[in-house]
Amino acid sequence: MKKNIGKYNAAFPTPIVVVGAMVEGKPAWFEVAWIGIGDSDIVTLSVTPSHYTCQGINENKVLSIALTNEKTLQRADYVGIVSGKKVDKSEVFAWTRGELGAPIIDDADVVMECELLDTYAQHGMHLLVCRVKNTYVEEDKLDEKGKIDYDKVKPILFEPRFNYLRTGEILGPCIKPGKEYAK
């Protein structure tokens with residue numbers, strides 16, 4: 001029997017990402033767990049607008065979104081718990097400038113460079129609607145067709161009991177289970 005636990009968003013786990021933007025000529029970073037997909041090239045981020053990095057996002061209208069994996073997790077967690085208003089986090093990650101000017105984390109396997117399309121204020125949070133313009137991927141994380149192989153990337157996930165999860169095994173291809181059910 002199911003129990004109604006009230007108004008609770010259960011659309012988890014979500015990938016942990018590090019968001020980067022240039023602030024006063026230096027990269028600023030913070031960790032975001034509330035990320036969504038709006039379309040094939042649209043990403044949404046739910047953020048507290050007072051984050052230092054948001055200053056650069058609002059000024060420049062460009063940002064980077066890096067998937068976190070085990071090699072970047074410790075630093076990703078750090079940039080999520082320390083305020084850029086109090087600590088200079090610009091050297092936490094080695095980085096290069098993307099084609100739009102956003103800071104791209106060198107040792108992240110997958111980084112999307114985005115333009116900010118819109119911002120919606122709701123309940124003290126801002127929903128950033130971003131269009132992916134460039135996606136940078138380590139070549140050894142691509143499959144034979146040039147697509148991202150998430151089994152190799154192994155992005156870290158967040159669940160709302162404040163735990164990080166490792167991605168697991170591939171269960172099988174999409175569509176096939178539905179076709180088997182329909183037989």
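Biologist: How many bridges pair strand S6 with S9, and in which sense?
Modeller: Strand S6 (residues 62-67) pairs with S9 over 5 bridges in the antiparallel sense, where pairing requires at least two DSSP bridges between the strands and a strand is a DSSP E run of at least two residues. Within S9, Cys114 is the bridge partner of Leu63. This is a predicted model in which local features need pLDDT of at least 70 and side-chain atom pairs count only at pLDDT 80 or more, while totals for chains, interfaces and linings use all residues. Residues are numbered from 1 along each chain as its sequence is written, and side-chain values use heavy atoms, with hydrogens and water left out.

Biologist: What order do the strands of the open sheet come in?
Modeller: The order is S3-S2-S6-S9-S10-S5-S4, which makes 7 strands with antiparallel pairing. Strand S3 (26-32) and strand S4 (35-39) are the edges, each pairing on one side only. On average, neighbouring strands of this sheet are turned by 35° against each other, direction ignored, with axes fitted as lines to C-alpha atoms.

Biologist: And which strands does helix H1 touch?
Modeller: Helix H1 (residues 52-60), a DSSP run of H or I with at least four residues, packs on the sheet and touches S2, S3, S5, S6, S9 and S10, contact being heavy atoms within 4.5 Å. Its direction makes about 65° with that of S2, on a scale from 0 to 180 degrees between N-to-C directions, with the helix axis fitted over the stretch in contact.

Biologist: Then what does the Glu113 side chain make a polar contact with?
Modeller: Its partner is the side chain of Tyr136, at 2.8 Å, a polar contact being a pair of N or O atoms within 3.5 Å, one able to donate a hydrogen and the other to accept it.

Biologist: New topic: are the faces of S11 covered or open?
Modeller: Both faces of strand S11 (residues 156-159) are covered, with Ile156 and Phe158 buried on one side and Leu157 and Glu159 buried on the other. S11 runs antiparallel to strand S12 (residues 163-166), joined by 4 bridges, and Ile156 has Arg166 as its bridge partner in S12.

Biologist: Which residue takes a positive phi in that hairpin?
Modeller: Phe162 does, near 65°, in a hairpin with 3 residues between the strands.

Conventions: Buried means under 20% relative accessible area, exposed over 50%, partly exposed in between (1.4 Å probe, protein chains only).
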